[in-house]
Amino acid sequence: MRPAGPGRSEAAPIELFFDLVYVFAIVQISHTLLADLSWLGALRVAVLFGAVWWAWNYSAWAMNWLDPRSGLVRLLNAALMLAALGMSLALPHAFDEDGLLFVACYVGAQVLRAGFMAIAMRGHVLGGNYTNLLAWSATAGVIWIAGALVPPDLRLAVWLVALVVDVAAPRFNYRFPGLGAAPMSTWPTDPEHLAERNRLVFIIALGESILIMGFTLSELDPVPPGAVLATLLGFAGLFVQWWNYFALAGHDTQASRGYGNTAALRSAFAYAHALMVGGAIIVAVSIEVRITHPENEPTIVFTSVGGPLVYLLGNILFLRSRTGSVAQSRYGAMAALVLIGVAGLLLGHSVPSLVVGVATTTVMAALAVITQVSGSRTRAGTDPPASSGGGDV
């Protein structure tokens with residue numbers, strides 16, 4: 001097997017089918033966070049999300065070089081889907097009795113994919129690259145499995161180390177003793193295909209907000225007026241987040257413009273989009289909390305402000321990898337969100353939770369308008385200065 005030819009930028013049916021299992025994974029992540037809205041719970045969910053994201057991310061990259069019409073490729077995707085389903089089922093109790101199931105599915109997917117690619121691409125530079133990746137995945141896998149075997153109170157520390165090993169591999173060019181390195185320049189990619197896959201998974205993350213609003217509201221009987229207002233506000237917040245993302249990165253733009261090399265693509269998609277998708281999940285959690293809790297609480301403040309902040313951190317990383325510059329509007333929005341968070345914590349129960357939601361939604365809506373205006377100028381042939389809000393995703 002050889003890498004698929006260039007120009008297959010659209011996601012193939014098998015890829016769309018593959019992403020369906022991640023709808024369930026994101027639902028499980030958000031509900032696991034809802035079940036334990038503490039700092040420890042948030043850190044645990046962050047580690048679990050990191051594993052889920054890394055499994056999806058490597059699968060998306062692998063499909064850059066595989067023929068989606070191949071029977072073996074379809075079987076590979078089926079096996080990876082089953083592994084992702086197992087991870088998703090184990091998510092809520094991964095730090096209790098289901099830890100071994102979670103890591104067995106994750107490590108199995110990582111090793112299977114890398115091994116398949118190393119064999120399928122033998123004789124091509126990618127074959128050697130995936131041999132290095134297989135070595136990294138196997139090394140991290142040993143640590144993941146060790147973490148599942150230790151007592152739950154030690155599991156978080158061990159799994160943090162395992163996740164760092166996984167995430168750091170590309171930064172070290174997959175250099176491994178006895179195998180040498182696999183620099184990012186030796187990983188030829190289709191930028192538009194990666195952009196399409198990441199756009200789709202971001203939409204899946206936004207879809208979690210729709211599910212949460214629908215299910216939460218349908219379970220209330222009777223439905224209080226405050227819950228209706230919180231749902232409308234949640235929809236507005238969801239819309240402006242979508243607007244911010246697609247204002248300049250929609251299907252009518254050149255998604256690959258500005259990417260200099262594969263290392264830039266790695267930052268833009270493997271790392272930046274992890275933060276943006278994670279931010280969207282936190283936004284979904286904040287919507288559910290505001291619907292069910294009319295009084296302002298620290299958890300409402302942290303989720304309402306934290307979701308957009310995490311998204312903007314990813315957005316900034318994306319812009320730096322794409323254009324080398326970041327619009328000042330992003331930093332301004334982050335500063336405003338921090339002030340809203342501080343005010344929400346200080347005011348406490350003296351303000352309803354809707355006030356915090358309205359404030360954060362207003363900031364993100366203003367940012368969406370700035371992004372839209374800047375994008376319209378760019379498409380009209382006016383190049384805005386790097387600090388004026390241009391070049392957003």
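Okay, let's start with Tyr174: at 4% relative accessibility, Tyr174 counts as buried, where buried means under 20% relative accessible area, exposed over 50%, and partly exposed in between, using a 1.4 Å probe and protein chains only. Its phi is near 55°, a positive value in a residue other than glycine. Asn173 also has phi near 55°, but Asn173 is partly exposed, with 26% relative accessible area. As background, most residues other than glycine have a negative phi, and most peptide bonds are trans.

Quick housekeeping. This is a predicted model, so local features need pLDDT of at least 70 and side-chain atom pairs count only at pLDDT 80 or more, while totals for chains, interfaces and linings use all residues. Residues are numbered from 1 along each chain as its sequence is written, and side-chain values use heavy atoms, with hydrogens and water left out.

Now, aromatics. There are 22 aromatic pairs in the structure; rings of Phe, Tyr and Trp (its six-membered ring) pair if their centres lie within 6.5 Å, and planes under 30 degrees apart count as stacked, over 60 as edge-to-face, the rest as tilted. Take Tyr245 and Phe246: the ring centres are 4.7 Å apart and the planes at 65°, so this pair is edge-to-face. Both Tyr245 and Phe246 are buried. Ring pairs also link them into a cluster with Phe202, Phe239, Trp242, Trp243 and Tyr311.

Last one: the charged end of Arg155 sits over the ring of Trp159, 5.7 Å from its centre. That label needs NZ of Lys or CZ of Arg within 6 Å of the ring centre and within 35 degrees of the ring normal.
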